[in-house]
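Dear colleague,

Here is the structure we spoke about, for your files. My notes on it follow below.

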Amino acid sequence: MPCVPAPLIAPSILSADFAHLADEAEAVRRPEGNGADWLHVDVMDAHFVPNLTLGLPVVESLLKATDIPIDCHLMIEDPDRWAPPYAEAGAHNVTVHAEAARDPRMLARDLHAAGALAGLSVKPNTPLEDWIEVLRDYDTLLVMSVEPGFGGQSFMPEVLDKVRTARRLVDTGHLKVLVEIDGGIGTDTVEQAAEAGVDCFVAGSAVYGAEDPGRAVAALREQAAHASPHRTSPTRK
């Protein structure tokens with residue numbers, strides 16, 4: 001079980017210019033190696049969440065346009081059916097919602113068989129304790145710090161209790177997941193999330209609303225690294 005360096009920064013293209021996604025991906029891929037670790041792609045189906053974004057064809061196009069690992073967050077109904085094709089297409093990490101999956105343990109195995117890391121996401125009001133055993137089959141835990149469905153929402157600090165719980169379980173060897181957070185992450189919230197134990201930070205407007213998205217990524221990473229007592233986290237390949 002190899003370790004990956006933390007913190008990781010995953011810019012969310014939900015805040016990017018959809019008419020120029022290849023250029024927006026390039027804007028955070030700084031050639032000196034200080035750019036985005038993952039590129040976060042929010043897939044919404046207007047059923048599981050009240051919004052519609054993009055789907056597999058756009059992800060396939062992005063995979064051809066960038067070498068940044070694609071981090072797919074599927075806010076969709078029936079992920080047991082629809083998630084594996086994202087892994088088969090070449091996504092690095094495919095995250096499904098605990099609240100939507102019928103058989104999350106089998107789904108994790110299907111995602112691994114298709115060549116991706118498997119992620120499990122929980123909404124702000126979903127108790128983490130209900131999913132700890134299931135998380136033994138997963139590589140990443142995505143804690144939502146806003147209600148899923150729309151970008152630009154305010155950070156919910158109360159979810160950091162779930163992050164702290166997950167961090168303790170990882171540090172004591174009970175879980176082997178990378179802890180990711182999504183929602184309202186920016187210069188004013190990244191440090192408290194890092195202190196709680198987050199490894200990977202999804203940032204939308206804080207990156208793509210900046211004059212220089214690449215520099216914004218580097219600045220967020222520096223802030224998180226300064227605040228975090230955790231430099232590495234185990235995750236499966």
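Which residue follows α6, and what is its phi? The residue is G173, with a positive phi near 85 degrees. Before the rest, the conventions: the model is predicted, so local features need pLDDT of at least 70 and side-chain atom pairs count only at pLDDT 80 or more, while totals for chains, interfaces and linings use all residues. Residues are numbered from 1 along each chain as its sequence is written, and side-chain values use heavy atoms, with hydrogens and water left out.

Helix α6

Helices (H or I, at least four residues) and strands (E, at least two) are DSSP runs, numbered from the N terminus. Helix α6 covers residues 160–171. The expected span of a helix is 1.5 Å times one less than its number of residues; for the twelve residues of α6 that gives 16 Å, and the end C-alpha atoms are 16 Å apart, which agrees.

Buried is taken as under 20% relative accessible area, exposed as over 50%, and partly exposed as in between (1.4 Å probe, protein chains only). In α6, the buried residues are L160, K162, V163, T165, A166, R167, L169 and V170. T165 counts as buried because its relative accessibility is 16%. With contact defined as heavy atoms within 4.5 Å, and neighbours within four places in sequence left aside, T165 touches L128 and E129.

R164 is partly exposed, at 35% relative accessibility.

Other salt bridges

The search of the whole structure finds ten salt bridges. One of them joins the side chains of D78 and R102, at 2.3 Å from N to O. This pair links distant parts of the chain, 24 residues apart: D78 sits in the loop between β4 (70–75) and α3 (79–82), and R102 in the loop between β5 (93–97) and α5 (104–113). R102 is exposed at 61% relative accessibility, whereas D78 is partly exposed at 24%.

R136 and E133 make another salt bridge, 3.0 Å from N to O. R136 is partly exposed, with a relative accessible area of 35%, and E133 is partly exposed as well, at 46%.

A46 lies in the loop between β3 (39–44) and α2 (56–65) and is partly exposed, at 41% relative accessibility.

Cores and strand β8

A nonpolar core here is a set of buried Ala, Val, Leu, Ile, Met, Phe, Trp, Tyr and Cys residues joined through side-chain atoms within 4.5 Å. The largest such core has 67 residues, and those with the most contacts inside it are I13, L39, L74, V94, Y138, I181 and F201. Its largest share, five residues, comes from α6. A second, separate core of seven residues includes L8, W38, C200 and V202. In soluble globular proteins, nonpolar side chains tend to be buried together.

V179 belongs to strand β8 (residues 178–182) and is buried, with a relative accessible area of 0%. Leaving aside neighbours within four places in sequence, its contacts include V163, A166, R167 and V170, along with C200. V179 is 77 residues from R102 in sequence, and 23 Å from R102 in space, C-alpha to C-alpha.

Cysteines

How many disulfides are there? With a disulfide taken as a pair of cysteine sulfur atoms within 2.5 Å, the count is zero. C72 is in no disulfide, the nearest cysteine sulfur being that of C200, 13 Å away. C72 is buried, at 0% relative accessibility, and C200 is buried too, with a relative accessible area of 0%.

Regards

Methods
Salt bridge = Lys/Arg side-chain N within 4 Å of Asp/Glu carboxyl O.
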